[in-house]
Amino acid sequence: MRKIAVTTAALLLFSAILAGCGSSLIKEEKNSEAAQSDIITVGFSQLGAESDWRNTNTASMQEALTPENGFNLVYKNGQQKQANQITAVRMFIQQEVDYIVLAPATETGWESVLTEARDADIPVILVDRRVDVADKSLYSCWVGSDFELESKKMTAWLKAFTERRNISPENLHIVNIQGTPGSTAQIGRTRGLANAARENGWDLMAEVSGDFTENKGREVMAALLKGYDNINVVYCENDNMAIGAIDALESAGKHIGQNIMNGDVMVVSFDGVNEKSREYCREGKISCIAECNPLHGPRVQALIEALENGETPEKFNYVDEGLFSSVSSVKKVVVDGTEYTIQEP
Ligand code: AHR
C-alpha cells in the first residue's frame, strides 16, 4: 500500500510541474503524500463475533490501529469459519498490505496461506489463538493468553475449594462445556481440566462443545441434564456459554451455588469481560472466573512499531491474568510456583 502511495506522489508531483503550479502547491502535495506514505496498512482477520470477549478484542484493535496512530486498518470478520479467514488473508496479500494480523479460529490448516504471505514479504502477527505449523518462521510473533495456565489456576481453585469443604475428590461430578474444537483456547482449557481430573480423582463425566456461544451453552447444558442426573460442577470454557448454561440449569429447576453436596450445581468459567458474568460472579452464580484478557490492540500496535524500527520482538508474548471469585473460603492459589491472589469480581 505504501508502494502505491509513493507512486501516486511521484505522478502528482510530475503533473503539478507540468501544469505550471506554484512552488507552494508542489510543497503541499509533497508533504501530504509523504504523510500518506507513512501510513501502515494492516489487514486484520478476526475469527468472528461469537462472544463478548471477541467483541471487546475487536474494539481494542480498532481503537489502537487508527489513522491518528498512523494505521489504516482493514478489518474482516471470519464468521467462525477458517475458509473465510483464508480468503481474507489472500485478499490482504492481493491488496499488498504492510502487515497481516490473524486471530485464527483453529490451529491447523494454515501452512499454504501463510507461505503465500511470506512469499509476498508481508509479516504476519498472530493474536489470541495460535497456529500449528512446523515452520515457525511463517509468522513473526504471537501475543495472547496461556490458556492451559488459565485452566491450571481454575482447577487449583477447585481443588482448594473442595479441600476447605472436606469434599472427597470422587464426589466432584463434572461436565465440561468446551469452546470451538481445535482452537487454542479449547485445547488448553480442556487439557488443563482433564489433567487435573486424572491427578485428583475427580469424576469428569462429559466434554461437549458449546462453540463459545451463549445459545450453544444453553442448548448443550439442557442436553447434558437429560443424560446425567448427578452433575454438580459445570466447567464452561467461556463466560457466554456459562450464561447460557445457567439459564438452562435454572429452567430445569436447579439451584446454582457452592453447596454441591446438597444439590447445588457449581458453575466456573473463563474471561471476566462481560458485565453480566461479573455480576453472576459477585452473586456466586459463577463461583470462579479465570481471567482472559482481550485488550490486545495496543500490544499489536507495539509489535508492529517494533518491527517497523527493525527490532525483533519476542516470538511469544504472554499476557498476565488473574482469577475472580467472591467465594470467601479460597483466598489464593499457587500454580507452577506462582501465587495468585483471588480478586473481587
Ligand atoms: O480465544 C479466546 C476465547 O475466544 C475467549 O475465551 C472466548 O470467549 C472467545 O470466544
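I count a residue as near a molecule or strand if one of its heavy atoms lies within 4 Å of it.

**Entry 1: ground rules.** My model is predicted, so local features need pLDDT of at least 70 and side-chain atom pairs count only at pLDDT 80 or more, while totals for chains, interfaces and linings use all residues. Residues are numbered from 1 along each chain as its sequence is written, and side-chain values use heavy atoms, with hydrogens and water left out.

**Entry 2: the ligand shell.** I looked up the residues around the ligand and found Glu-50, Ser-51, Trp-53, Arg-54, Asp-128, Arg-129, Phe-147, Ala-185, Arg-189, Phe-212, Asn-238 and Asp-271. Next I checked distances to ligand oxygen atoms. Asp-271 has a polar side-chain atom 2.6 Å from one, an N or O atom in the side chain of Arg-129 is at 2.8 Å, and a polar side-chain atom of Asn-238 is at 2.9 Å. On its own the ligand has 280 Å² of accessible area, and the protein covers 100% of that (Shrake-Rupley method, 1.4 Å probe).

The largest cavity is the space taken by the ligand. For the record, a cavity is a set of points, on a 1 Å grid over the protein atoms alone, where a 1.4 Å probe fits but cannot get out. Which elements give two or more residues to the shell around the ligand? They are α3 and α7 (184-200); helices (H or I, at least four residues) and strands (E, at least two) are DSSP runs, numbered from the N terminus.

**Entry 3: salt bridges.** I use the term for a side-chain nitrogen of Lys or Arg within 4 Å of a carboxyl oxygen of Asp or Glu. The structure has 16 of them. My first stop was Arg-54 with Asp-128, where the closest N and O atoms are 2.8 Å apart. Arg-54 sits in helix α3 (residues 52-64) and Asp-128 in the loop between β4 (124-127) and β5 (141-144), so this pair ties together parts that are 74 residues apart in sequence. Both residues are buried (under 20% relative accessible area; exposed is over 50%, partly exposed in between, with a 1.4 Å probe and protein chains only). I also noted a salt-bridge network that links Glu-50, Arg-54, Asp-128 and Arg-129. These four residues are listed around the ligand too.

Then I went to helix α8 (residues 214-227), where Glu-214 and Arg-218 lie 4 residues apart, about one turn of the helix. Their salt bridge has its closest N and O atoms 3.2 Å apart. Glu-214 is partly exposed at 26% relative accessibility, and Arg-218 is partly exposed with 26% as well.

My last pair was Glu-339 and Lys-332, whose side chains meet in a salt bridge at 3.8 Å, N to O. Glu-339 is partly exposed at 48%, and Lys-332 is partly exposed at 43%.

**Entry 4: two residues elsewhere.** Is Thr-41 buried or exposed? At 1% relative accessibility, Thr-41 is buried. I found Thr-41 in strand β1 (residues 40-46), with its side chain in a polar contact with that of Asn-72 at 3.3 Å. For such a contact within protein I need a pair of N or O atoms within 3.5 Å, one able to donate a hydrogen and the other to accept it; residues adjacent in sequence count only if both atoms are side-chain atoms.

Asp-132 is in the loop between β4 and β5, partly exposed with a relative accessible area of 43%. Thr-108 is 24 residues from Asp-132 along the chain, and their C-alpha atoms are separated by 5.2 Å.

Definitions and conventions: 1 Å grid on protein atoms, 1.4 Å probe; cavity = no way out; pocket = protein on both sides within 12 Å on 5 of 7 lines; lining within 4 Å. Sits in = over half its atoms within 2 Å of the grid points.
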